[in-house]
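Me: Hey, I've got a structure open that I've never looked at before. Can you walk me through it?

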Amino acid sequence: MFHSLQDCLLSIGIGYLIPIIGLVVGKTNKKIGITFEICLGLLLIAYMLYKYSFPGALIYLGLIAFSYSSALMLTTSNTSTKKVKEELAKINLEQIKLHKDLKRVIFDISIFFIVVLFAVLFFIFGPDESPLKYFILFGFITLFSEFIKRIIVYRTVTCYFDSQTKTIYIYSFFESRKFSINDCQNVQIESAVDILKLHPLFTLFSSNIDFTTSLEKVLKISLPGETIFLTFVEAERWKEILHVSKAEIEDEDELVTVLPFYHKHNLKRLFGKLYFATTVKGVSAYSGLLLLLYFLNVPTWGLITAGICYWLLNISISDLVLKTAMDAKLANDPLLLSKADAIFTKAGIPNAKLYITDSAQYNGLATGMNIGRAMITLTTATLKLPIETIEGILAHEAIHVKKRDIMWAQIWRACFILFLLIVVIFIKENITNIEAYTVPIFLTIWLLMFLFPIYQSFISQWMEVRADHLGATLLEGGQQQMAESLRALSLAQDDESKKALTYQMIEIDKNKEINSLKRESLIWRIIEFQLMPHPPMYWRVHSLNTNQYGWGKAILFRWMRDRCVESISIK
């Protein structure tokens, strides 16, 4: 039975309110604000356990925690905004005029509503006993945060240029940037806003920062780690200014033509993006299917079976869906293709295809449950690395495809969620006086939920270690080449992170330089080994350099041992 909608909305409101109050209280002293939030959170836990029975208390606390984290992501980004605002008040700058058209934000809002339409209908008309309503509610929290952020960025964004320091300032309430024109790697003008590329529900693996405020020409500024999109009134003039420091200019005179998202040549891409948004980024497609079956009086077992079958269908076509989401295109570089074909053939996946997606992030991605139709995608930033490094990345991803890691990761995740549901049902069916055991039941469920990311991390890291060491067998340089590939990739990612933090005006402690190849403090090792999908990079490189036995029990046991030892060792 779905719990009180009023109490659910109140819980969400409280979750959003806590960090806002903490931000106000902490204006004079940040520690006081944090302390206030912690105390308020503890009081809420005690109150919820006292007022509500199981599982109501757990659901309301979950809504509070989730909405709190969503609001926190908005309020923490306000730090760089304050710094930009302070600098703007001290110096005289040229304000850059922006095209502003309400249609731009209306398009974004309309897409939000279209994507959640079936979820909203299911929430209103679907069966009260369906747990899907809670997934929808949690999804609404994330979408609401994105929705609010987009509107406020549109309303508040302004841009300035300091001609003396050759610096661009972008100010908005939730997202701000400051960067030197010397950091511009490439500048292009697009004929119009590509909503299918910029809308947050339509993207994956994206480093795009959307500051567009109209449907006019867009200035695309490529920086290390991210790509910024702006609708300057004098786009051509600012393109020339930003190109002053560039000795080598790519596509200087080329205007990139962008078709409207509703254009007939864009319809296939539009439908693909919508499908991705409603199945991967949300549950609207599942909600629509189940609501239709519910109105047709299909029994509960039929609804569950249909949901599982649809989930399996989406896994089987995941390569097609994600290819559309990433706007990935087949690679065409002869040298890269020859290296990839050699690695894929050696791995036993000759039919795997290599795709490229436009992103400033250094990374690679394997997708597809079906080995015969799998794809491996590299970002455009990754292509800047030495070919030997790219070979290592390709070999690593080829093993993920060969071992069907994408499929198995989904299955193992589903197993844990099923187990959690069984525990909840068992408690409801076998404990008659739930109120008398509220605290132990609450702690049991929360313990299982706490173990979920640890469980996911264990499965994912096991697959990553296997991909490193089996992938090394596909390379001419073996484990040494794989270790060097990971090292080069890590250095590039670290440099990208430093630049991105600089643009956001986040201060970096000189005594704590970003270095993924360095063994971190105990708390960070616990986080990396127990919660992250990849083992720490320092461990991965070291294990490849010192492992004499290849993939097998020896390296597997070593990883399991180090996962525990490194999480408790204070040395």
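This is a predicted model: local features need pLDDT of at least 70, side-chain atom pairs count only at pLDDT 80 or more; totals for chains, interfaces and linings use all residues.

Me: Let's start with the cores. How many residues does the largest nonpolar core have, and which have the most contacts inside it?

Reply: That core has 37 residues, and Phe344, Leu354 and Leu394 have the most contacts inside it. Helix H13 (334–347), strand E11 (353–357), E13, helix H14 (387–402), helix H16 (438–472), H17 and helix H19 (537–546) each give it at least two residues.

Me: Which of them supplies the largest share?

Reply: H14 does, with 7 residues of this core.

Me: And what is Leu394 in contact with?

Reply: If you skip its neighbours within four places in sequence, Leu394 is in contact with Leu336, Ala340, Ile343, Phe344, Leu354, Ile376 and Leu378. There is also a second, separate core of 36 residues, and Leu44, Ile64, Tyr134 and Leu293 are included in it.

Me: You mentioned E13. What kind of sheet is it in?

Reply: An open sheet of 4 strands, ordered E10-E11-E13-E12, with mixed pairing. Strand E10 (329–330) and E12 are the edges: each has a single partner strand, so one side of each has no neighbour in the sheet.

Me: How do E12 and E13 run, parallel or antiparallel?

Reply: E12 and E13 run antiparallel and are joined by 4 bridges.

Me: Switching to helices. Which residues of helix H12 are buried?

Reply: In H12 (residues 318–325), the buried ones are Ser318, Asp319, Val321, Leu322 and Ala325. Looking down the helix axis, those buried residues fall within an arc of 165°, so they line one face of H12.

Me: What does that face pack against?

Reply: The buried residues of H12 pack against helix H9 (267–279), helix H11 (300–316), strand E12 (364–367) and strand E13 (375–379).

Me: What about H17, how far apart are its ends?

Reply: The end C-alpha atoms of H17 (residues 478–503) are 38 Å apart. With 26 residues at 1.5 Å a residue, the helix should span 38 Å, so the two agree. H17 is followed by Met505, which has a positive phi near 60°.

Me: And how does H1 do on that check?

Reply: H1 (residues 5–25) has 21 residues and should span 30 Å at 1.5 Å a residue, and its end C-alpha atoms are 30 Å apart, which agrees. Its buried residues are Asp7, Cys8, Ser11, Ile12, Gly15, Tyr16, Ile18, Pro19 and Gly22.

Me: Ok, new topic: Arg104. Is it buried or exposed?

Reply: Arg104 counts as buried, because its relative accessibility is 0%. You'll find Arg104 in helix H5 (residues 102–125).

Me: What does its side chain make a polar contact with?

Reply: With the side chain of Asp210, at 2.9 Å. Not counting residues up to four places away in sequence, Arg104 touches a list that includes Arg150, Val193, Ile195, Leu198 and Asp210.

Me: Now strand E7. How many of its residues are buried?

Reply: 6 of the 6 residues in E7 (residues 218–223) are buried. Val218, Lys220 and Ser222 point one way, while Leu219, Ile221 and Leu223 point the other way.

Me: Why do they alternate like that?

Reply: In a regular strand, side chains alternate between the two faces of the sheet.

Me: Which strands are joined to E7?

Reply: Strand E5 (residues 186–190) is joined to E7 by 5 bridges and runs antiparallel to it, with Glu190 opposite Val218. Strand E8 (residues 226–230) is also antiparallel to E7, again through 5 bridges, and Ser222 has Thr227 as its bridge partner in E8. The hairpin of E7 and E8 has 2 residues between the strands, and Gly225 takes a positive phi there, near 95°.

Key: Residues are numbered from 1 along each chain as its sequence is written. Side-chain values use heavy atoms; hydrogens and water are left out. The expected span of a helix is 1.5 Å times one less than its number of residues. Buried means under 20% relative accessible area, exposed over 50%, partly exposed in between (1.4 Å probe, protein chains only). The arc is that of the directions from the helix axis to the C-beta atoms. Contact means heavy atoms within 4.5 Å. A nonpolar core is a set of buried Ala, Val, Leu, Ile, Met, Phe, Trp, Tyr and Cys residues joined through side-chain atoms within 4.5 Å. A polar contact is a pair of N or O atoms within 3.5 Å; within protein, one must be able to donate a hydrogen and the other to accept it, and residues adjacent in sequence count only if both atoms are side-chain atoms. Two strands pair if DSSP finds at least two bridges between them.
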